[in-house]
Amino acid sequence: MGLSDRSLITMDDLSSREMEALFSMTDEMADTMGDQYNVCQGKIMASLFLEPSTRTRLSFETAMHRLGGNVITVADAKVTSLAKGESLADMARVVGSYADIIVVRHPWEGAARVVADYAGIPVINAGDGGHQHPTQTLCDLYTIRKERGDIRGLRIALWGDLKYGRTIHSLIFALAKFGADMLFCPSPGLEVPENIVRKLIAEYGGQVERVAASDRAVKDAFPLDAVYVTPSSPHQLAMMPNINLEAELREGVDALYVTRPQKERFITGTEQEGLKERYPVVDKKLLRGREFRKTIVMHPLPRVDELAYDIDADPRSIYFQQAARGVPIRMALLALLLGAREWPASSTAGPTIPGVEYPVYRRDSGVRCDNPACVSVQESEAQYLKPEFKVVSRDPLTLRCVYCEHGYQPEYVATTDWHEGKLEYKIYHRADSHWAKRIKPENLIVFTSAEEAEAHGYKAGRYPGTQHRENDTGE
Amino acid sequence: MGLSDRSLITMDDLSSREMEALFSMTDEMADTMGDQYNVCQGKIMASLFLEPSTRTRLSFETAMHRLGGNVITVADAKVTSLAKGESLADMARVVGSYADIIVVRHPWEGAARVVADYAGIPVINAGDGGHQHPTQTLCDLYTIRKERGDIRGLRIALWGDLKYGRTIHSLIFALAKFGADMLFCPSPGLEVPENIVRKLIAEYGGQVERVAASDRAVKDAFPLDAVYVTPSSPHQLAMMPNINLEAELREGVDALYVTRPQKERFITGTEQEGLKERYPVVDKKLLRGREFRKTIVMHPLPRVDELAYDIDADPRSIYFQQAARGVPIRMALLALLLGAREWPASSTAGPTIPGVEYPVYRRDSGVRCDNPACVSVQESEAQYLKPEFKVVSRDPLTLRCVYCEHGYQPEYVATTDWHEGKLEYKIYHRADSHWAKRIKPENLIVFTSAEEAEAHGYKAGRYPGTQHRENDTGE
Amino acid sequence: MGLSDRSLITMDDLSSREMEALFSMTDEMADTMGDQYNVCQGKIMASLFLEPSTRTRLSFETAMHRLGGNVITVADAKVTSLAKGESLADMARVVGSYADIIVVRHPWEGAARVVADYAGIPVINAGDGGHQHPTQTLCDLYTIRKERGDIRGLRIALWGDLKYGRTIHSLIFALAKFGADMLFCPSPGLEVPENIVRKLIAEYGGQVERVAASDRAVKDAFPLDAVYVTPSSPHQLAMMPNINLEAELREGVDALYVTRPQKERFITGTEQEGLKERYPVVDKKLLRGREFRKTIVMHPLPRVDELAYDIDADPRSIYFQQAARGVPIRMALLALLLGAREWPASSTAGPTIPGVEYPVYRRDSGVRCDNPACVSVQESEAQYLKPEFKVVSRDPLTLRCVYCEHGYQPEYVATTDWHEGKLEYKIYHRADSHWAKRIKPENLIVFTSAEEAEAHGYKAGRYPGTQHRENDTGE
C-alpha cells in the first residue's frame with residue numbers, strides 16, 4: 001500500500017522508508033518543476049486555513065498550481081460557517097464531497113484528525129494548535145538531508161519554544177525515527193512537554209538525559225537542558241547519568257533549529273512575563289562558538305527577535321532555502337496522496353506505519369481530555385465526538401487522548417467485570433493501587449475524582465472514605 | 001431564448017420546464033464530472049461573498065474549476081472598497097468589466113438584483129439577506145427529484161425558521177411551481193411572512209389553510225402551523241375550512257426540510273429570547289413517528305442544534321448527499337448561463353418566465369421601502385436607486401418593492417391626473433377610500449402620512465382635517 | 001534591456017518610450033483577449049494585498065487568469081504572519097521563492113521598494129500608502145491616449161485630494177514625462193505636497209505657478225490652486241508671474257481627474273473636520289461650464305461623494321471604461337515583466353530609466369526619515385533597513401528618503417573628512433551655513449539637532465553655544 005488515499009496527520013503516519021521515497025520524488029520535482037504542470041490537472045485541493053498563515057498556505061497552493069491542479073481556499077475562520085457554530089465534522093463531510101484533497105490548519109489540537117475521520121478524502125494536517133505540523137517537518141528533514149547528506153547520527157539542537165512549538169513536536173519524532181541525536185535548548189519555562197518525552201522513550205527507545213545545573217553554567221548563551229540519544233547511537237554519553245556539557249559540545253552541533261515563542265498559545269501570564277529578556281537569541285556572537293563552526297541554522301519562520309538579521313548573509317544560515325523547499329516537498333506529497341504519482345515499490349515493503357499498539361479506552365460517559373485546546377472538549381465538537389484514549393502506561397496509569405495526544409493520569413478506576421450481577425462489587429480503587437493493575441484493559445473504567453465515581457454508583461472498596469489513600473499505600 | 005446571458009436572482013427567473021432541463025444536465029455533469037474540464041476554459045467567475053459563507057462559495061468555486069474555468073474571489077466584505085463606502089452599482093459595473101459571470105452573496109435584501117441591473121454580465125444570487133437563495137433551492141429540488149422521482153403531489157414539511165430563512169422563501173415558490181403540497185412547521189414567532197403567503201396565493205393559486213389551535217395540541221413535537229395545497233392537487237382538505245391534523249399526518253410526510261434559526265437576521269429581542277427551548281428539534285425520537293416512516297430528512301446546512309447528530313447514520317438523513325449535489329447543479333447552471341452549453345430546445349418552448357404582470361410605481365420623491373434590510377434604503381445605495389414598486393393589490397392597496405419584495409401598504413394616495421392646471425384639485429385621499437380605487441395605476445401617487453402629502457402641497461380633499469377618517473368611511 | 005525581470009515601483013521605473021510600447025501591447029491584448037490564454041501558463045503571481053482593495057486586486061488576478069497563469073492570494077493582512085510580527089523582507093524572500101512575480105499593496109510608504117529589494121523576482125507596486133500607484137497611472141494614461149489620441153500638450157485638471165492620493169502622485173510625474181500641462185484643483189488643505197512639487201521642477205523642468213487669490217474668486221466651483229506648465233509647452237502663461245485664471249480656463253480642460261478624500265491616511269483632525277462641506281464636487285452643474293465642453297471625466301474609483309451619480313450617463317464620463325482598461329494594461333505588464341512576451345526593440349533604444357543622479361547618503365547611525373508612514377521607521381522593519389537618502393539639494397540642504405521619497409531638511413551637518421586625526425576638528429555646523437556647502441557629499445554627516453551632534457562627540461565649531469546661529473549668519 002502506498003500513500004494514495006491516506007492522510008498525513010502526525011509523523012506516526014509515515015515510516016522512514018516512505019519519507020526517503022518522498023524525498024527522492026521531491027528531488028525530481030525540484031529539478032523538473034516546469035514539467036509537472038499536468039500531474040494533477042482537474043484535481044481540486046481545499047485549502048482550509050482556520051488560523052492565520054501565509055507561508056504554509058501559499059506554499060501548498062503554489063505546489064498544487066505547479067502540478068496543474070486547482071485550489072479552493074478559506075483563509076479566515078471568521079468568514080466561514082464555523083463562525084455560525086458549525087462542527088468540524090459537518091464541514092469536513094461537505095468539503096470532502098467537493099474537493100479531492102483537504103489541507104487544514106486549525107487552532108484546536110487534534111482538529112486535523114477529526115477532519116480526516118469525516119472527510120472521506122485524503123487530509124493533510126497543516127498545523128493543529130500546538131500539536132503537530134508534519135509537512136513542515138518533512139521540509140525540515142529534506143533540508144537537513146540536502147545539506148548534510150544523511151540524517152542518521154547527526155546532532156541537532158532544538159532551540160526556543162519547545163513547549164508550544166508544533167513544528168518542534170513533529171520534528172522530535174521524525175528525528176528519532178531517523179536516528180539523530182537531539183540537544184534540547186528551551187527558553188526557561190518552555191521545555192519539551194512530558195507527554196512527548198514519554199512517547200519518545202517508550203516508542204522510539206533511546207534515552208533523555210537532563211543536563212546538570214552545574215554544567216549549565218558552562219555556557220551561558222547555550223541553554224542546553226536535556227539531550228536525547230538514539231538507541232543505535234554509539235555514544236559514550238548514553239551510559240552516563242549526567243551529561244558532560246563541555247564534552248558534548250566539543251563534537252559540534254550539526255544543525256541549530258530555532259523557533260519563535262508561540263505567544264498565541266501561551267496559557268499562563270508567567271510564560272509571557274519577561275519573555276523577551278529570557279528568550280535565547282541566535283546571533284553573530286553566538287555563532288562564533290566553535291561548536292557551531294559547521295552548524296546549519298534553520299528556522300520554520302516567521303521569526304520575531306530570536307534570530308538576528310545580522311546572520312542572514314552567513315553561509316550557515318539556510319532558513320530561506322528551507323522555506324523554498326516547502327514547494328517541491330508539498331508537490332511530491334500532494335501527487336502521492338492524490339494518486340497522481342505512483343509510490344515507489346521499495347518504500348512499501350515492510351510495515352508502512354510503525355508504532356506500538358496500545359489498548360483503547362472509549363466510554364460514553366466519564367473522562368474528558370484535560371487539555372483545554374483539545375478538539376474533543378470544544379462545545380461544537382463534544383456533541384458528537386466520544387472521548388477516546390490509548391492506555392499507554394499502567395504504572396502510572398496513563399491515557400493518551402487520540403486527538404491531541406496529551407497524557408492524562410486518572411486518579412480512580414473501576415472495572416466493568418467485577419460488578420456484574422452483584423451490586424456490592426461495584427467498587428472503585430485508586431489508580432496506583434495494586435487492585436487497579438489487575439483490571440483488564442477492556443474492562444477498565446476511569447474516574448477523574450472519587451465524587452465522579454460515586455456519582456456513577458461506585459463505592460470506595462475496602463477503604464474507609466477519607467482514609468483510603470493511607471490504607472491503600474499500606475497494602 | 002435560453003438561460004445564456006440571463007441572471008438568476010429569484011425563483012421567478014426560471015420556469016419549471018427550464019428547471020427540468022437543468023436537472024437533466026446536472027445528471028450528465030454528475031455522471032461525467034471528470035470530462036467537463038474544457039467546458040468553461042478561459043472563462044472567469046467573480047465570486048463575491050460579502051457575507052460569511054463556506055459551503056456555497058466553495059461549491060460554486062469547485063463547480064467553476066471542474067468546468068476548467070477560473071475564479072476571482074472576495075471572501076470578506078471588510079477587505080473590499082465597499083468598506084470605503086462604494087456603492088453596489090459601482091462595484092457591479094467594475095467587476096462586470098473584468099469577469100464573465102458574477103456570483104454574489106450580500107446581507108441586504110435585493111442586493112443581487114442591483115448587481116444584475118448594473119453588471120452587464122450574468123449574475124447569480126447566492127443569497128441576499130433573508131430574501132432568496134435560488135441555487136440552494138435548485139439543489140434541494142434536484143435532491144427531492146433524485147430521491148423521490150418526481151416532485152408533483154409530494155407533501156413537504158418546512159421546518160424551523162420560516163421567517164428569515166431565505167432558502168425557505170425560494171423553496172416555497174419552487175415547490176408551488178412544481179405542484180407540491182407544503183406543511184409549514186415554524187418555530188413559534190418565525191412563521192412564513194405575510195408577503196410571501198400573499199404572493200404564493202396570488203401568483204401560484206392554491207390555498208393556505210391555518211391549522212386550528214385545537215389540532216395543534218394533537219402532536220406536540222410537530223409544530224404544524226399551516227398547510228399549502230396546490231391548485232391541481234386532488235386533495236380533500238383543500239375544500240375544508242380547517243385542516244384535520246390527524247388525517248393530514250396519516251398520509252405521511254415525503255420530505256422534512258429543516259432549517260437553523262437565522263439569528264444574524266433577527267430584529268427583535270423577543271425573537272432571540274428563549275429560542276433554544278422553543279425551537280423544534282428533529283432527532284431520533286421525532287423520526288419514530290409513523291408519519292415520517294418514508295420521509296427524507298433535508299437541511300441546507302450549517303446546522304446548529306435543530307438537527308441532532310443521532311440521526312446522521314439514519315438512511316432517511318440525506319443532507320450530506322444534498323450538499324454534495326451543490327457542485328453538479330452549479331456546474332450545469334454556470335455552463336448554461338455562460339453560454340458554454342446549449343439549452344435543450346424543449347425547455348425553451350412556451351414562456352420562459354411565468355408570472356403576473358403588475359403596474360409599476362416609480363416616482364422620484366415619496367415612499368421608500370419600509371424593510372430596513374432592503375438594499376434600496378441603505379445610505380450608499382439610496383443616492384442612485386429610485387424606489388420602485390409593483391402595485392400587486394388595490395384592495396387593500398399594496399405595493400411590492402422590486403428589490404426585496406416586501407409588501408408595503410401606504411395610507412394616503414393622490415393622482416397626477418386630477419390636479420393638472422387647477423391647484424384646488426391637488427388633494428389626497430385615504431388609500432382605502434373609494435376615491436383611491438378610481439385612480440389609474442399610471443397616475444397613482446402614494447404617501448406614507450398625511451403630513452407627507454401636505455408637505456408635497458396636497459390638501460385633504462373634502463374632509464375636514466382631523467375628521468376625514470370618519471367622513472370618508474361615511475361615504 | 002527590456003522590462004523582463006525588472007520591477008515597477010514608481011513611475012521613475014518606466015521611460016515614456018517604454019510606456020508607449022506597453023500601450024501598443026495593451027491594444028493588442030484588448031483586441032485578442034481570448035487568444036492570450038497560453039501566454040503565462042504555468043506561471044504563478046502572488047497577489048499580496050495587505051490593505052483593503054477590490055478593484056486593483058481583482059483586475060490583476062483577472063489579468064493573470066486571462067493570460068492562463070495561476071494566482072496565490074493574500075487579501076487580508078490580519079490573516080498573515082505579518083500579524084505575528086514578521087518583517088516585509090522575510091515575507092518577500094519566502095514568497096519570492098514560491099511565485100514568479102509579486103503584486104503588493106501595503107499601507108506603508110516605500111513598502112513595495114523593500115519587497116522588490118528582497119524578493120529576487122519582479123515586483124509590482126499596487127499602491128504603497130500615500131506614495132505611488134503606478135499601474136493605476138498606466139491605466140489612466142492609456143485611457144487618455146485612447147480618448148484623446150495623444151497626451152502631449154493636453155491640459156489635465158487634477159481634482160480633490162492631491163495630498164494623500166497616491167494615484168495623483170504617480171500621475172503627476174507620468175503626465176510631466178509625456179509633456180502635459182496640469183491644473184491642480186485641491187480641496188483646501190489637501191494640496192500637492194512640497195516634495196512632489198520640488199521633484200517635479202527639479203527633474204522634469206517646467207514651472208509651477210500659484211493662482212492668485214483674486215483670480216480664485218472668479219470661479220467658485222473650480223478650486224484651481226496652481227498650474228504646472230511643461231518646459232516644451234509653447235504656453236504664454238509660462239512667462240507670467242501670475243496666472244490669469246479666466247484666460248487659462250478659456251482654452252478648456254481636456255481631462256478632469258477626480259479623486260476621493262483618502263480619509264484613511266489623514267493625520268490631523270483638521271483635515272477631517274468640515275471636509276464634506278469643503279470638498280469640491282463634480283456634478284451636472286459643474287460640467288455645464290464651457291471649459292468642460294470637451295472634457296473627459298476620470299476617476300480611479302471608488303468614489304464617495306465627490307463625483308455625483310447624475311453624470312454617470314454623460315458621454316464625457318469615462319470612469320467605468322477607465323476601470324475596465326485595468327485588465328488589458330495589467331495583462332501587457334505581467335506578460336512583459338514575466339518575460340512571456342518580448343519587449344519591442346524600439347522601446348529599448350536610449351536610456352530605459354531617465355532621472356537625475358543624486359549623491360547617496362547612508363550611515364549606520366543618525367537621521368531617520370521623519371515621515372511616520374515610511375516603511376523604514378516601522379518597528380518590524382527598522383531592525384534591518386538602514387535609512388538611506390538622496391541628497392537632492394544643497395541649498396537648502398535636502399535629503400530624499402529612498403523608500404517613501406519624502407523630503408527631509410536636517411538642521412546640522414558635519415564632515416567625516418575634517419576630524420581625521422585631530423579631535424579639535426570634530427565640529428558641526430548649521431546646514432544653511434557656508435561651511436556646510438563646502439562639505440563633499442561623500443563626507444557628509446547630518447544631525448537632527450545640536451544635541452544629537454554633541455551626543456556623537458561633535459562640538460559647535462567656532463560659534464559660542466547658544467549664540468552660534470547669529471554668528472554664523474554674520475559670516
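**Arrangement of the chains**

Modeller: In this predicted model, chain A is superposed on chain C by a rotation of 120 degrees with 0.1 Å of shift along its axis, with an RMSD of 0.1 Å.

Biologist: Why is the relation called that of a three-fold axis?

Modeller: A rotation of 120 degrees superposes chain A on chain C, and that is the relation of a three-fold axis. For chain B on chain C the rotation is likewise 120 degrees, with 0.1 Å of shift along its axis and an RMSD of 0.1 Å.

Biologist: How do you know whether the copies B and C use different surfaces or the same ones?

Modeller: Of the contact residues of chain B, 8% recur in chain C, and the copies therefore use different surfaces.

Biologist: What makes you say how chains A and C meet?

Modeller: Only 9% of the interface residues of chain A are also interface residues in chain C, so these copies meet through different surfaces.

Biologist: How many residues of chain A are in contact with chain C?

Modeller: Counting C-beta atoms within 7 Å as a contact, 22 residues of chain A touch 25 residues of chain C. Helix H2 (55-66) and helix H13 (319-324) of chain A each supply at least two residues of that side. The largest share, six residues, comes from H2(A).

Biologist: What is the make-up of this side by class?

Modeller: The side of chain A that touches chain C has 12 nonpolar, six polar and four charged residues.

Key:
Residues numbered from 1 in each chain as written. Chains lettered and ligands numbered in written order. Predicted model: local features only at pLDDT ≥ 70, side-chain atom pairs only at ≥ 80, totals over all residues. Least-squares fit on C-alpha atoms with pLDDT ≥ 70 in both. Contact = placed C-beta atoms within 7 Å. Helix = DSSP H or I, 4+ residues; strand = E, 2+ residues; numbered from the N terminus. Nonpolar A, V, L, I, M, F, W, Y, C, P; charged D, E, K, R; others polar.
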